[in-house]
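Keep the structure open while you read.

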Amino acid sequence: MAQARQQRDWDDMGALDALWAVLSAPEGKHGGWDEAEFFRTGQVVVEGVMAAADRLGYPAAREHALDFGCGVGRLTRALTAHFRQCTGVDIAPAMIERARALNQDYPNLDFRANPDPDLRLFPAARFDLICTFRVLQHLPDRNAIEVILAEFLRTLRPDGLLVFQLLSAIPPRHRVQLRRRLYEGLRAAGVPASVLYERLGLSPIRMRCIPEETVLAFLEGQGARVLEVQLDRPANPAISSRVYYVTK
């Protein structure tokens with residue numbers, strides 16, 4: 001049920017305002033994102049990731065990269081400069097359709113919809129790099145996040161590099177998320193997503209966090225090796241976020 005609702009929510013946003021749903025800057029809402037600037041933000045993120053990769057000495061090869069929760073390909077496109085083949089996966093078919101349309105000029109890209117709560121569509125040890133930003137925090141619960149983290153490690157090649165961002169703390173006043181709950185209730189009652197978003201200013205985007213020490217303990221229990229943890233700067237300074245660099 002939670003997986004189906006999540007897919008519906010992100011399909012809604014993919015159809016209504018895909019770029020803002022991927023990168024929710026206030027100025028980008030309701031079609032406000034300039035497309036070139038939107039993709040430039042992805043280049044900045046990937047340049048930071050690859051600079052850290054060079055410093056850390058991972059991944060050992062640069063054949064195949066995975067962008068999890070790719071949306072319209074903001075990071076996937078930027079990764080094409082560093083890897084022979086790049087794959088983006090997203091739960092929402094509407095996002096994948098938009099990603100394919102926006103990235104037709106990049107032949108080493110592949111976008112795939114993934115309705116499953118795991119990565120069973122990929123074999124073990126498939127990717128040299130797995131990268132995800134602004135995605136895990138939107139999964140339904142902690143268990144869903146841990147399932148995906150375990151799947152990242154399963155599909156990561158030995159001496160590959162997993163880079164993921166995850167919120168580590170959300171102040172109590174931000175945890176209630178009344179506007180998201182109102183969206184869910186009205187959507188379940190049959191109110192169209194366009195009315196909820198465009199007229200009422202509601203969206204289904206949820207926020208989850210896991211403390212850094214809990215993430216580290218989970219990764220250690222999975223046999224992973226954490227190379228580095230970086231402080232992240234989310235749009236809301238009251239929220240704490242981390243970027244983890246991991247190998248196995």
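## Helix α5

In this predicted model, helix α5 runs over residues 142–155 and has 14 residues. From its first C-alpha to its last, α5 reaches 20 Å. That is close to the 20 Å expected at 1.5 Å a residue.

At the start of α5 sits a contact from aspartate 141. One of the side-chain oxygens of aspartate 141 comes to within 3.2 Å of the backbone nitrogen of asparagine 143.

## What α5 buries

Which residues of α5 are buried? They are Ala144, Ile145, Glu146, Ile148, Leu149, Glu151, Phe152, Leu153 and Thr155.

The cover over these buried residues includes strands β1 (64–68), β4 (127–132), β5 (156–169) and β7 (240–247). Helix α9 (212–221) is also part of what covers them.

## A cis peptide bond

Tyrosine 58 and proline 59 are joined by a cis peptide bond, with omega at about 0°. Proline 59 is in the loop between α2 (35–56) and β1. Strand β1 is among the elements that cover the buried residues of α5.

## Positive phi angles

Histidine 30 is not a glycine, yet its phi is positive, about 55°. Histidine 30 belongs to the loop between α1 (2–22) and α2. Its relative accessibility is 48%, so histidine 30 counts as partly exposed.

Aspartate 159 is not a glycine either, and its phi is positive at about 65°. This aspartate lies in strand β5, and β5 is included in the cover of α5's buried residues. Is aspartate 159 buried, partly exposed or exposed? Its relative accessibility is 39%, so aspartate 159 counts as partly exposed.

Conventions: Residues numbered from 1 in each chain as written. Predicted model: local features only at pLDDT ≥ 70, side-chain atom pairs only at ≥ 80, totals over all residues. Heavy atoms only, no water. Helix = DSSP H or I, 4+ residues; strand = E, 2+ residues; numbered from the N terminus. Expected span 1.5 Å × (residues − 1). Buried < 20%, exposed > 50% of the residue type's maximum accessible area, 1.4 Å probe, protein only. Contact = heavy atoms within 4.5 Å. Polar contact = N/O pair within 3.5 Å; in protein donor to acceptor, adjacent residues only side chain to side chain.
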